[in-house]
Every structure is written in structure tokens, then in C-alpha cells.
Amino acid sequence: MDDRILSERMQMAADLAASYARPPGAGAARRSGRRRQVRAAGTVMLLLVVALAAPLTPAGRALWERVTSPPSVGAPTGPTAPPVPAGPLGQRATGPVHRIARGTADGRPWEYIAYRSGSQVCHGFRDGPGLSGGGGSCERFTSQTEPIIFGASAARRMDGTAAPRFADGPVTKAAVRVQITLVGRAPINLQALDLPDLPVRFFVVELPPTAVATAVTAYDSAGRVVGHQDLTGLPTARPEPQRIGDGDTGWLTAILRRAGYQTTIGKHQVVTGTASGHRVLAWTTRTSSAPSTSFLAGEGYDIRRRSGTTTVYTNGSRVGWWAQDRLLWIEPAPEPGEIDKLVDLSQRVDRVRAG
Amino acid sequence: MGAGEEFEEFYGAAFGRLVGQLFLVTGDLHEAEDVVQEAFARAAERWSTIRTYDLPEAWIRRVALNLAASAARRRRRWLAVRARLAPPPELPPASDEVLELVQALGRLPMSQRQPLVLHYLLQLPTEQIARELGISTGSVKSRLFRGRQALAAQLTDPAWEVADRG
């Protein structure tokens, strides 16, 4: 084998690719990195606040739910208990403290625990040296509570190093199995752990660092679905791979072409639009209602502008807005006038007919 | 020069070069751009530390290689299903020789592609490849050997055949 020829061909290919590379920009990389840091710091601070200051107040619970859960509809909680002395997760234990799972990540021990505290159930993580860190929430479970409460906890510590990311939460007593659907990976099946003295079961798993969860489903012993949460539509949920023609590529193509772009369909239902040497990627994630600004802020998105009645969000490198039951994403962010044009078209071009 | 300006200058100088290298690993220009940009975003988080490294570019390349490997693992499970349905990867207009090489590399496992690119494109010694990939030098050598054999079997350039016979 002639190594020289192989090297020369590789160099040719690399040079060619380099000449076609379109850098999103150092600014976009720095903003993305900064937002990751801010989000991580904010997440840790929120967890600390929730865990140490007022985990049982409505505000504390709301903060915890903001950090850990997708937006849920109608998850009533019971009356807030009066302050009690501190316990493993900030509230006193009135029953045994159950260790549901434990492990080590990045050399730091962690454990996921649950216990009864009066009429409430506390659950969450302890981590770090002496298991003195972490945090959780306490709530009263009733027949009105959502059958499954999905949490996906923080991804990074304040020092920027990777921290474990978990899928965890309580699930209705009727569930024996929980399935977490991931993009591009086999689903994760978990046994829902039953603790006789608690009114709910629990599931917890450490996710691969790049995993994106799109749904969580609970099954009873007969295999019937007893709880389900669709997690798609979250900004962090990337588009699911689908068969060509089954996704929103027709709609995205129509929007981009009417805006003057030439289009090609790429991987994962992402449509590439090119106009005047400028290239954008467009894709959608499914959602049946517009996510709230506060929720998107928790995911690192700020309001970029208001285009007509539509709010456009950005994380520094992409913009997104809600249109026709979809979150539509464009990356890199076009100029403001271009955004307005695309927003307008996304409202006017019928998604179903274009698809 | 401030850290911000320094980062921008470094980004401008290295982005295209790294995309070229990652393109040979991923076989897809978009994907190469994505993993390199993500690696730069991670570098930006800790630039004050990384800027002091002897080879900041090697750190970013390593992160990008890991991201590319993760993406490849993610795809593997349903690749067979998508094989006939998915559009072809994005390739820049290229000569037949280059396309043949990219396609041949794409048929190799990621574990062979990475050391081949680091060795034949960047001319890195096996010890440095081992450090960048976090594997032993013995593993690097065996993967290079198997990868070279697999490439030789796929590439049709007569020069390869002559060289093989020699």
C-alpha cells in the first residue's frame, strides 16, 4: 500500500471540505459556551436554593419543577406543609429513607433517595463528598397527580466539567415498568421500584451524555399504558429521524423557497436553504402548544424579537418560534428582516397541505 | 490581545482545517461542521485554561472526534433501516478519487477511521494518536493495520494494487 498516495488523497479531501466549510462564527461558539455555563450555574444555584432554602414552598417547588420537568398541564399538588426541621432533602423524614439507586460519576458519589415526610413524599439526589450536595422536592401525591413525573436533571457543574444527567421521577403505583424513548437509540426500559410505605413508585437511570429523551411511558403488569409524557417539542429535543416525506420537510421547503432559498433535504429531516451564498438549516420539533417564555428561558433561550404576534426565541446560534403546532428552528439566525419574512411564511403556508 | 480576540483569531484559523479533518472521519460536511462548532463552544467555556495548552487545537480535535464517535454510535442502531431511505450525506463537489476515498473510509468502523485520519492526514506518531484517542499504542497500530488493509481492498487506483503486490 502506498502511504504517500493515501496521504495526498486525504489532504485533497480535507482541503476541499475546509474550503466549503461555513463557520457559524466564533461569537456563536462563545455565546453557546457562555449560555451553557450560565445555565449550569443557574441550575446548580436553583437546586441549592430549592434544596436548602424553601423546598416545600410553592415558589421552591415551582423552581424545582422548572429545572427538572417539561411543562405539564394540570398537575395539582396538595397543600404546602408547614416548615419542619431539615432532613436528607431539606425536610424531615418521618419514615425510612430509601436509597433507590446510587453510583459514582466523575469520581463523585451520588444516590437517589425517597422518603415519607408527613403527608408528603420527598425524592431527589444527594451527591458530592459525604453526599452533602444535591437536592430534590417534596409533594403530596393524590389521585389528581400526574401518573408520571419526568425529571432530567442538570448536565454540568459550575466548574464546567461534565456531570451525570439522569432521567428520574415518581410514577403511579400501578406502573411496573417505565420506558424512556431516545432519539436514535434503543429505548431504555426500567423497572419501577415499589416501596411499600410510599404511595408512588420510582424510576431513575443515568443517561448517556448526548442522549435526547422524547417520551416516557409507564406500563402496568398487563402491559397497558398507565402514564405517558410526550417530551418532543422541547428545545432540547432534536427532530426525530423519520422516513423521507413523512416529516415537515415539504412545509419547510415551501417556506424557504418562497423566501428565496434554494433547498435540499438533509439528515434527520433537516432542510438546508441557500441564498446569496448564505446557508441556513431548518427543522421542526413537535409541540401542541407554544412553550412558555419562562420555560424556554430555563432551556437557555431568550426572546430575540417579536414578529407580529409571534415571539421569536434565540440561544445565540439559532432562532425558533411556534407555528402550526410546531416549533420551527433556523440556524444560524438570519437577519431580523429575514426572520420576519420566514415567520410570516410559516404562518401562511399550510403545513398539512405542504407536507 | 485579549482572550476574546485571541479565541476569535484561533477560531478563524482552525475551524476550516478541523472541519476538513473531521469530514474524513464523518463523511458528511454538515456533520463535520456541527461537531467542530460544538467542540469550539465547549472550548469557549474554558478558554482561559485551554489557551495555555501547547496545542489547543488538539484538545478541540479530540472533543470533535468524540462527538463524531458518539453521533455514529447513536445512528448505528437504525442505520440499516435508513440506508435506503435517507438522502446521501452532503459532500462538496469532488474528484472521483476523493469521493472514492471518502466512501471507502465511510465503510470502515469509526475505530479505524479515526487513527487512519490522524496518521495519514496529520502524520501524527502512534503515541500521540493513542493520547488523542485515549487508547493504547498497540490498539492504534492494530487499527491502523486493519484499516489500511480494508482501504487497499476497496480503492481501485492501480497504484494501490502495484504497491500491494510490492
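Author: Start with the angle classes: under 35 degrees counts as roughly parallel, over 145 as roughly antiparallel, 65 to 115 as roughly perpendicular, and the rest as oblique. Axes are lines fitted to C-alpha atoms, for helices over the stretch in contact, and angles run from 0 to 180 degrees between N-to-C directions. This is a predicted model: local features need pLDDT of at least 70, side-chain atom pairs count only at pLDDT 80 or more, and totals for chains, interfaces and linings use all residues. Residues are numbered from 1 along each chain as its sequence is written, and chains are lettered from A and ligands numbered from 1 in the order in which they are written.

Reader: How are helix 1 of chain A and helix 5 of chain B oriented to each other?

Author: Helices (H or I, at least four residues) and strands (E, at least two) are DSSP runs, numbered from the N terminus. Helix 1 of chain A and helix 5 (residues 96–106) of chain B pack at about 95°, with axes 9 Å apart. The two are therefore roughly perpendicular.

Reader: Which residues make the contact?

Author: Two residues are in contact if their C-beta atoms, placed from the backbone, lie within 7 Å. Helix 1 of chain A supplies Arg9(A), Met10(A), Met12(A), Ala13(A) and Leu16(A); helix 5 of chain B supplies Glu97(B), Val98(B), Leu101(B) and Val102(B). For classes, Ala, Val, Leu, Ile, Met, Phe, Trp, Tyr, Cys and Pro count as nonpolar, Asp, Glu, Lys and Arg as charged, and the others, Gly among them, as polar. This contact has seven nonpolar, no polar and two charged residues.

Reader: At what angle do helix 1 of chain A and helix 6 of chain B cross?

Author: Roughly 100°, and their axes come within 9 Å. That makes this pair roughly perpendicular. Asp3(A), Leu6(A), Ser7(A), Met10(A), Gln11(A) and Ala14(A) meet Val117(B), Tyr120(B) and Leu121(B). The residues divide into six nonpolar, two polar and one charged.

Reader: Is Ser7(A) buried, exposed or partly exposed, and what does the count say?

Author: A residue is buried if 20 or more other C-beta atoms lie within 10 Å of its own, exposed if 12 or fewer, and partly exposed in between; C-beta atoms are placed from the backbone. Ser7(A) has 15, so it is partly exposed. Leaving aside neighbours within four places in sequence, Ser7(A) contacts Tyr120(B) and Leu121(B).

Reader: What is the secondary structure of chain B?

Author: Chain B has nine helices and zero strands. Of its 166 residues, 34% count as buried. Helix 1 (residues 3–26) of chain B has a kink of about 40°, centred on Ala14(B). The bend at a residue is the angle between axes fitted to the seven residues ending there and the seven starting there. Just after that helix, Gly27(B) takes a positive phi of about 75°.

Reader: How far apart are the axes of helix 6 and helix 8 of chain B?

Author: Helix 6 (residues 110–121) and helix 8 (residues 137–154) of chain B have axes 8 Å apart, at about 95°. That makes them roughly perpendicular.
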